[in-house]
Amino acid sequence: MNNHSGKQNKDRLIKALMVSVNDLQHKFQRENDEEKQWLIQNSPNLVIAELMKDMTVKMLHVLSAIGKLEPVNGITISKEFGFSKGNVSKITRRLADKQIINFEYIPDNKKEVLFRTTPLGREINRLHQALHEQIDIGVNHFLQRYNDDELQFLVNALQETLHTSWIDAVTNEKSIALSKRDLYTKVEIDTYKTAVSEEMNEVIEMLEKLDSRNLKKAKAILNDVFFSVYED
């Protein structure tokens, strides 16, 4: 294949990929409606089913943050999601109006408001968590069709995408290099931890087979070989 035809094929693939990304955005938008239907259909009672009809994705995420961090203020929630303070204020007022959260004031500091979930809010959070568990199962099942090399390519591509601007024509190579370095470092650390954990489990299994007398011998040997300090 010559350079010209090679470039044409690459351009065709990039165009197809861009179309797929656009279609994927629309798919996620449609799935917001699908997720809402799941929440309504799997609600534990009619009260929560009715509330789900008016709940937005942002409301569910803010409620989830309150459930994890409570008591929590608006500034912390704002930093957690990158929402504006005004947006958080509107959402928390809507949640309070529906008796999903409560406002709590700190003694001697009437300016700062803390948020806590009500029993109703905690039920909604459990339902929302069940939805995410269902999604995780579906995503895992879907990705099992790919081999390790294909999955690693997807991870690399997505990591680089997160650190690249579509608007700026010049790719920030330094940013991509840093994201790759961080990714590979994490993979190496996770691999090391897994190896150490497996070795530790094997050692524990061997020690569990020993009686008390031999266990004392093993302890003495370990101490003598690995932990004793000898002077020159």
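Colleague: In this predicted model, which residue of β3 does Ile106 stand opposite?

Modeller: The strands concerned are β2 and β3, residues 109–117, and they pair in the antiparallel sense over 6 bridges. Within that pairing, the residue of β3 opposite Ile106 is Asn109.

Colleague: What is the strand order of the open sheet?

Modeller: β3 pairs with β2 over 6 bridges and with β1 over 2 bridges. Both pairings are antiparallel. The edge strands are β1 and β2, each pairing on one side only. The order of the 3 strands is β1-β3-β2.

Colleague: Which residue in β3 is the bridge partner of Asn73?

Modeller: β1 covers residues 72–73, and β1 pairs with β3 in the antiparallel sense. The bridge partner of Asn73 in β3 is Leu114.

Colleague: Which peptide bond is cis, and what is its omega?

Modeller: Most peptide bonds are trans. The cis bond here joins Glu70 and Pro71. Pro71 sits in the loop between α3 (57–69) and β1. For this bond, omega is about -5 degrees.

Colleague: Is Gln99 buried or exposed?

Modeller: Gln99 is in the loop between α5 (85–97) and β2 (101–106). Its phi is positive, about 60 degrees, although Gln99 is not a glycine. Exposed means a relative accessible area over 50%. Gln99 has 60%, so the residue is exposed.

Colleague: At what angle do α3 and α5 pack?

Modeller: The axes of α3 and α5 are 10 Å apart. The two helices are roughly perpendicular, because angles of 65 to 115 degrees count as such. The packing angle is about 85 degrees.

Colleague: Which residues of α5 make the contact with α3?

Modeller: On the α3 side, the contact is made by Lys58, Met59, Val62, Leu63 and Ile66. On the α5 side, the residues are Asn87, Ile91, Thr92, Arg94 and Leu95.

Colleague: Which strands does α3 lie across, and at what angle does α3 run to β3?

Modeller: α5 lies across β2 and β3, running at about 115 degrees to β2. α3 lies across β1, β2 and β3. The angle of α3 to β3 is about 100 degrees.

Colleague: Over the face of which residue does Lys58 lie?

Modeller: Lys58 is one of the α3 residues in contact with α5. Lys58 is also placed 5.4 Å from a ring centre, and the cut-off for a charge over a ring is within 6 Å. The ring belongs to Phe83.

Colleague: How are the rings of Phe142 and Tyr146 arranged?

Modeller: The whole structure holds 2 aromatic pairs, and one of them is Phe142 with Tyr146. Phe142 is partly exposed at 38% relative accessibility, and Tyr146 is partly exposed at 30%. The ring centres are 5.9 Å apart. The planes stand at 70 degrees, and over 60 counts as edge-to-face, so the pair is edge-to-face.

Colleague: How many Å apart in space are Thr76 and Ile66?

Modeller: Thr76 is in helix α4, residues 74–81, and is partly exposed at 33% relative accessibility. Thr76 and Ile66 are 10 residues apart in sequence. In space, C-alpha to C-alpha, they are apart by 9.6 Å.

Definitions and conventions. Residues numbered from 1 in each chain as written. Predicted model: local features only at pLDDT ≥ 70, side-chain atom pairs only at ≥ 80, totals over all residues. Heavy atoms only, no water. Helix = DSSP H or I, 4+ residues; strand = E, 2+ residues; numbered from the N terminus. Buried < 20%, exposed > 50% of the residue type's maximum accessible area, 1.4 Å probe, protein only. Phe/Tyr/Trp six-rings, centres within 6.5 Å; stacked < 30°, edge-to-face > 60°. Lys NZ or Arg CZ within 6 Å of the ring centre and 35° of its normal. Pairing = 2+ DSSP bridges. Axes fitted to C-alpha atoms, helices over the stretch in contact; angles between N-to-C directions. Parallel < 35°, antiparallel > 145°, perpendicular 65-115°, else oblique. Contact = heavy atoms within 4.5 Å.
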